[in-house]
Amino acid sequence: MACAEDARVTDLAGPSGAAIIAAFKAAKVEFVAALPDIWTSNGLLWPLSRDSELRLVRLSKEDEGVSICSGLAYAGRRSVLLMQYTGFLDSVNAIRGAAVEYNRPVCMVVGLLGKEADREAAASAVYGVKLTVDVLAATGVDTVFIEEPDDVGHLAPAIERAYATSRPLVALVGRRVEA
Amino acid sequence: MRRDECFAALAAVRDSAIVVATYTSAFEWERISPSGLNLPATGAMGQGSSHALGLALGMPGQRVFVLDGDGALLMNLGTLVTIANAAPKNLFHFVCENGTYEANGSHPLPNQGAIDFAGLARAAGFPHTYTFDDLETFSAALPDLLAREGPVFITLKVVPGPEPVKYDYRWMHGDATRTRFQSAIDALA
């Protein structure tokens with residue numbers, strides 16, 4: 001019975017990495033700062049690492065990416081920080097200061113590794129996933145959820161909104177990104 | 001050597017460089033070389049060099065100086081590897097080594113005095129690294145090191161100057177300071 005349920009959940013389609021990359025480009029993103037996350041690795045990070053229109057900045061630690069994106073924004077260049085939720089949690093102080101308190105358009109795409117496909121992130125039994133949602137709510141950062149393929153349509157407008165209002169953004173990726 | 005005298009030497013050759021300065025260095029630099037192109041607001045300790053990397057990548061034709069602290073660098077040591085890998089030719093990473101957390105009561109750094117910061121940068125992949133403990137030597141070397149293709153890493157072994165540092169955190173973190181910086185950046189375009 002458990003196996004059958006798992007199969008049903010696994011069969012739910014995730015968002016397309018190609019569509020996410022297209023959304024970045026539609027929002028005039030030129031740089032992606034990233035640390036690998038198995039949730040987004042094959043579908044998104046590997047393809048964008050080969051994309052000549054996007055410059056990948058490989059990070060040693062995720063909080064660097066918050067500041068790199070803010071620095072790029074001062075220079076008039078758009079960027080996205082791609083990381084796992086563990087990196088988000090590790091970066092909360094940088095997000096607090098360099099993004100939220102300073103009103104900077106730092107756009108983050110955060111993979112929710114292990115989130116169950118058939119329940120909302122806020123109700124996840126994975127402690128780190130639920131904590132991420134709770135922390136995000138406390139920060140007041142604009143948040144969009146990318147679960148199903150059609151949800152990618154929310155991404156480019158959200159990035160545009162972040163730059164138009166000079167406010168940070170987090171896009172939570174709730175399913176494994178498909179190649 | 002005195003930090004204020006090092007900064008005065010650097011200010012003399014600054015030209016239109018963007019300067020990202022952290023905590024105690026930020027206040028002292030603003031007194032010595034006030035400019036809209038100074039960014040003292042880096043949000044969290046250790047994040048100055050990462051802001052500078054973003055600026056350097058975004059404005060490759062513009063020199064970017066970081067005036068980092070040794071304690072701040074320890075909080076974001078991976079930045080050395082990230083910068084070396086991104087390899088911005090226009091980034092100059094100065095670290096003021098005083099061996100203490102000066103803005104937080106001057107407590108000593110772990111392993112105070114035994115850390116080779118330039119050695120760490122070299123091992124991380126910086127192509128050019130320097131250490132100075134003498135003002136005359138530093139001043140004489142400045143034209144040559146600024147002519148190098150970056151990223152360049154410079155350790156300055158310093159002590160505070162005689163003038164007390166005024167810690168004005170409202171200025172550092174205020175909207176007006178970031179607005180001033182953005183306006184100066186926009187004016188470069």
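1. In this predicted model, helix H3 (residues 48-58) of chain B and helix H5 (residues 79-86) of chain B have axes that come within 10 Å and cross at roughly 10°. Because angles under 35 degrees count as roughly parallel, H3(B) is described as roughly parallel to H5(B).

2. The residues that bring these two helices together can be named. H3(B) contributes B:Ser49, B:Ser50, B:Leu53 and B:Leu57, which meet B:Thr79, B:Thr82, B:Ile83 and B:Ala86 of H5(B). By class, the contact of H3(B) with H5(B) consists of four nonpolar and four polar residues, with no charged residues.

3. The contact between the chains involves 22 residues from chain A and 25 residues from chain B. On the side of chain A that touches chain B, two or more residues come from each of strand S2 (55-58), helix H4 (62-74) and helix H6 (92-101) of chain A. H4(A) supplies the largest share of that side, namely eight residues. The side of chain A that touches chain B comprises 11 nonpolar, seven polar and four charged residues.

4. The largest nonpolar core holds 107 residues, and the members that touch the most other members are A:Leu81, A:Met108 and A:Val110. H4(A) gives the most to this core, with six residues; H4(A) also provides the largest share of the side of chain A that touches chain B.

5. The surroundings of A:Val110 may be checked directly in the structure. When residues up to four places away in sequence are not counted, A:Val110 touches A:Met83, A:Tyr85 and A:Phe88, together with A:Val170, A:Ala171, A:Leu172 and A:Val173.

Notes. Residues numbered from 1 in each chain as written. Chains lettered and ligands numbered in written order. Predicted model: local features only at pLDDT ≥ 70, side-chain atom pairs only at ≥ 80, totals over all residues. Contact = placed C-beta atoms within 7 Å. Helix = DSSP H or I, 4+ residues; strand = E, 2+ residues; numbered from the N terminus. Nonpolar A, V, L, I, M, F, W, Y, C, P; charged D, E, K, R; others polar. Axes fitted to C-alpha atoms, helices over the stretch in contact; angles between N-to-C directions. Parallel < 35°, antiparallel > 145°, perpendicular 65-115°, else oblique. Core = buried A, V, L, I, M, F, W, Y, C linked by C-beta atoms within 7 Å. Buried ≥ 20, exposed ≤ 12 C-beta atoms within 10 Å, placed from the backbone.
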